[in-house]
Amino acid sequence: MPTVLIIDDNAAVAVALEVLFSLHDIDAVRAASPEEGLALLDRTVIDLVVQDMNFSADTTSGEEGVALFRAIRKRHPDLPVILLTAWTHLDAAVDLIKAGAADYLAKPWDDQRLVATVRNLLELGQANRALSQHRSDELRQRRELERYNLRNMVWNDPATERVIALACQVARADVPILITGPNGTGKERIADIIQANSAVRDGPFVVLNCGALPSELIEAELFGADAGAYTGAAKAREGKFEAADGGTLFLDEIGNLPLAGQMKLLRVLETGRFERLGSNRERQVQVRVISATNADLPAMIRAGTFREDLYYRLNVIELRLPPLAERPGDILPLARHFLGPARHLRPDAEAALLAHGWPGNVRELKNVMARASLLASGDAITVPDLGLPAASAASAASHGSSDQEPDRDAISAALQRANGVVAQAAADLGLSRQALYRRMERLGIARP
């Protein structure tokens with residue numbers, strides 16, 4: 001249960017607030033003076049403070065409250081503080097809001113409004129603490145990743161970071177890894193990171209795209225062939241497994257491997273032994289196998305086009321790389337990386353990039369940036385330079401219009417909808433409380 005600290009020298013006021021909060025499942029503790037309140041803050045976990053502005057008899061200046069508020073902010077800069085007084089001065093309220101006060105309410109207060117304000121601030125504080133913890137965890141993980149060779153990978157989205165972190169974690173394990181995800185997401189880059197941090201990082205890194213060769217040639221590419229093994233095989237040739245001995249073999253589009261090749265691949269994974277096409281002599285290799293696919297292998301197993309035993313042998317560890325649309329934090333860093341330092345994106349172009357669905361993923365983004373670099377007349381990349389569908393450009397224009405300055409009518413309407421709760425109205429307008437108070441002061445708007 002959240003705890004509110006009430007600092008007020010009027011016992012009747014403090015008890016009334018305590019009872020009000022208890023009726024809404026909010027715990028409350030009382031302090032009769034600034035000194036007692038600060039002492040409670042030092043030894044008790046407090047989620048929010050409601051403080052009076054005047055403590056001495058016949059005092060209405062609010063100076064004591066200002067001093068208390070500043071002392072609280074100095075010791076607990078993130079603690080929300082609601083100022084409460086029978087003597088309201090809008091100028092003083094605005095100054096304190098600028099200094100970080102959460103809200104400023106007059107006595108006698110409206111119970112419903114006060115409780116709504118307190119609840120909003122408690123929920124906001126909880127969300128901020130969770131966000132702060134999340135950011136701290138992300139920073140710690142990013143620092144942990146710095147000790148790995150990340151092959152100049154560009155990313156900023158937590159979804160991508162989770163994949164990279166797991167790839168680094170399992171890199172030294174001598175087990176097959178399956179990387180899944182749509183075409184163009186960067187699966188080969190993840191495989192490269194695994195190789196660079198593996199126990200065989202000094203060995204060869206050999207790549208074979210199983211979808212780029214006719215099915216009758218894939219086995220020869222994998223295992224090699226003796227002279228005369230098939231039409232056109234004039235001399236013996238080394239396969240990818242032999243080439244990758246002592247290193248890593250990356251099999252892209254593994255779902256395209258024919259059934260005969262799947263059976264031989266399974267044997268190599270289990271024993272490390274294989275035969276070239278047209279040969280009866282077994283060869284022994286030590287190869288780390290990483291495979292990748294955009295296919296639904298379980299569906300292929302049900303259809304009888306992919307061996308179930310091979311799937312489980314390849315899938316000791318699975319890394320799923322999401323499509324770019326599910327990694328929006330990567331879009332702009334990648335776009336800037338592909339553009340290089342000589343050019344930059346205009347804000348409307350950034351909005352268009354974020355609005356686009358990226359069916360071609362990172363590969364499509366790279367091509368869009370290459371085209372934009374060629375078409376741009378200056379250093380700035382504009383929406384027309386990108387050549388994206390009209391829907392993305394329209395979304396970018398809509399995004400730009402939503403950032404316009406709210407006028408008097410918009411602010412008044414937001415305050416009315418929020419029943420005078422400034423924090424809620426500010427959130428509705430996309431502003432901070434301090435920013436909303438500054439606009440209210442400039443426009444001469446009094447709180448309802």
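Analyst: Asn280 sits in the loop that joins β9 (273–275) to β10 (282–284). In this predicted model, Asn280 has a relative accessibility of 76%, which is over the 50% cut-off, so the residue counts as exposed. Between the C-alpha atoms of Asn280 and Arg433 there are 79 Å, with the two residues 153 apart along the chain.

Two other loop residues have a positive phi without being glycine. Asn152, with phi of about 60 degrees, belongs to the loop between α5 (111–145) and α6 (158–170). Its relative accessible area of 70% makes Asn152 exposed. Trp358, with phi near 50 degrees, is placed in the loop between α14 (347–355) and α15 (361–375). Trp358 has a relative accessible area of 1%, under the 20% cut-off, and is therefore buried.

Turning to the sheet, five strands form an open arrangement in the order β7-β8-β11-β6-β12, and their pairing is parallel. The edges are β7 (205–209) and β12 (317–320); each has a single partner strand, so one side of each lacks a neighbour in the sheet. On average, neighbouring strands are turned by 20 degrees against each other, direction ignored.

Within this sheet, β8 (residues 248–252) and β11 (residues 288–293) are joined in the parallel sense over four bridges. Phe250 has Ile290 in β11 as its bridge partner. Helix α7 (residues 187–196) lies across β6 (177–180), β7, β8, β11 and β12, and runs at about 155 degrees to β6.

Note on methods. Residues numbered from 1 in each chain as written. Predicted model: local features only at pLDDT ≥ 70, side-chain atom pairs only at ≥ 80, totals over all residues. Heavy atoms only, no water. Pairing = 2+ DSSP bridges. Axes fitted to C-alpha atoms, helices over the stretch in contact; angles between N-to-C directions. Contact = heavy atoms within 4.5 Å. Buried < 20%, exposed > 50% of the residue type's maximum accessible area, 1.4 Å probe, protein only.
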